[in-house]
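Subject: Structure handover

Hello,

Here is the structure I promised to pass on.

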Amino acid sequence: MNEKFSEKKDNILEVKNLTKKFSLESGFFARKDRFVYALNNVSFEIERGKTYGLVGESGCGKSTVAKLLVGMYKADSGKIVFKSSENRKNENEKNSSMIKYIFQDPARSLNPRMTVFSILTDGLKHEKKGIKKEELKKLAEEILEEVGLVKSDLERRPSEFSGGQRQRISIARGLLMQPQLLICDEVVSALDVSIQGQILNLLQEIRSKRNLSCLFIAHDLRVSCYFCDKIGVMYRGVLVEEGNAEDFYKTALHPYSKLLFAGAEGGKTSFKNEGEVKSSLEALECCPFAHRCPKKTEKCQKSLPEWTVLEDGHKVRCFCL
Ligand SMILES: Nc1ncnc2c1ncn2[C@@H]1O[C@H](COP(=O)(O)OP(=O)(O)O)[C@@H](O)[C@H]1O
Ligand code: SF4
Ligand SMILES: [Mg+2]
């Protein structure tokens with residue numbers, strides 16, 4: 001690990017050795033000794049004002065990381081350090097209002113019976129007891145306009161909006177608490193390509209205007225490289241490569257990162273994209289990608305590769321570079 005490289009940074013978030021397993025079965029016949037190992041010692045840092053892209057196929061553990069960050073799950077072990085900015089330190093705010101989580105599917109995360117006004121302001125009403133309705137309305141109107149909707153939308157309900165508009169409402173709800181870190185979990189995955197571009201442009205405008213730090217979670221490595229400053233590639237709950245987003249398509253070394261790029265280009269790959277993410281039912285004592293990797297050797301099946309750190313902080317876990 002290149003300590004000098006990380007010491008100089010102003011990090012808003014530091015995640016160290018996060019580990020999380022879930023019971024495999026539930027109900028009367030559940031066996032308490034069977035688990036899915038969702039996260040295995042995951043560590044990364046997000047620099048203040050920057051966007052970190054956590055990328056991997058479905059089931060890799062990305063949402064589990066997000067849910068641990070906002071306290072929806074409790075980690076089995078590991079550490080999450082959130083560093084508030086100097087001008088917000090004395091406000092006695094909770095981490096829950098500093099970190100906001102925008103989900104993939106706004107249709108499910110927005111209550112269909114509530115008006116947009118209630119959806120946007122319920123959290124703030126709870127956080128700032130005694131806040132006047134006029135003040136809430138003014139804040140909600142301002143935030144709606146910032147995300148490209150109009151004041152009169154406050155009285156409407158989620159079903160009256162398109163998928164893209166619903167995602168704008170989700171973003172507005174996240175922004176109302178003035179968070180310092182925004183977690184965007186597959187926020188464009190369920191949308192048409194043309195709408196995806198609009199939402200990404202909106203997020204780009206918002207984060208530069210507000211100097212927001214972001215954790216951008218996605219399965220699309222190409223979109224993530226375009227949108228993020230740094231990329232972390234995950235497989236079966238293990239971070240396998242990390243590097244600068246700008247030139248990641250040239251610098252990526254891990255066979256899994258290469259597979260993700262090849263997949264995004266329509267399957268032009270030096271090996272077949274066979275198989276799928278296998279949930280880890282045992283604590284990993286091998287390379288997490290060994291069951292799919294065409295370059296695997298005997299060693300890959302006997303131990304988990306340590307990080308190899310390159311000159312510019314790019315790092316990769318693979319025995320066969
Ligand atoms: N609440 C849960 N209970 C049991 N297993 C879970 C739970 N949440 C996630 N998992 C399992 O943990 C693994 C990682 O899931 P998840 O973090 O949702 O992945 P991703 O967001 O990358 O698709 C998967 O095998 C998933 O089935
Ligand atoms: S360590 Fe082995 S199995 Fe894992 S990615 Fe590298 S070559 Fe493939
Ligand atoms: Mg997910």
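**An enclosed strand**

Strand β7 is covered on both faces: Ser-213, Leu-215 and Ile-217 are buried on one side, and Cys-214, Phe-216 and Ala-218 on the other. Buried means under 20% relative accessible area, exposed over 50% and partly exposed in between, with a 1.4 Å probe and protein chains only. Six of the six residues of β7 (213–218) are buried, so the strand is largely enclosed by the rest of the structure. In a regular strand, side chains alternate between the two faces of the sheet.

Before going on, a word on the model. It is predicted: local features need pLDDT of at least 70, side-chain atom pairs count only at pLDDT 80 or more, and totals for chains, interfaces and linings use all residues. Residues are numbered from 1 along each chain as its sequence is written, chains are lettered from A and ligands numbered from 1 in the order in which they are written, and side-chain values use heavy atoms, leaving out hydrogens and water. Helices (H or I, at least four residues) and strands (E, at least two) are DSSP runs, numbered from the N terminus.

**Partners of β7**

Strands pair if DSSP finds at least two bridges between them. β3 (residues 51–55) pairs with β7 in the parallel sense over five bridges. There, Gly-53 stands opposite Phe-216. β6 (residues 181–185) also pairs with β7 in the parallel sense, over five bridges. Here Leu-181 faces Ser-213.

**A three-stranded sheet**

Which order do the strands of the open sheet have? The order is β2-β1-β4, with antiparallel pairing. β2 (35–47) and β4 (77–82) are the edge strands, each pairing on one side only. β1 (residues 11–23) and β2 pair over nine bridges. Leu-13 has Ile-46 in β2 as its bridge partner.

**Two helices**

Helices α7 (residues 163–175) and α8 (residues 193–210) pack at about 15 degrees, with axes 10 Å apart. Axes are lines fitted to C-alpha atoms, for helices over the stretch in contact, and angles run from 0 to 180 degrees between N-to-C directions. That makes α7 roughly parallel to α8 (under 35 degrees; over 145 is roughly antiparallel, 65 to 115 roughly perpendicular, the rest oblique). Contact means heavy atoms within 4.5 Å. Among the residues that meet are Ile-171 and Leu-175 in α7 and Leu-202 and Ile-206 in α8.

Best wishes
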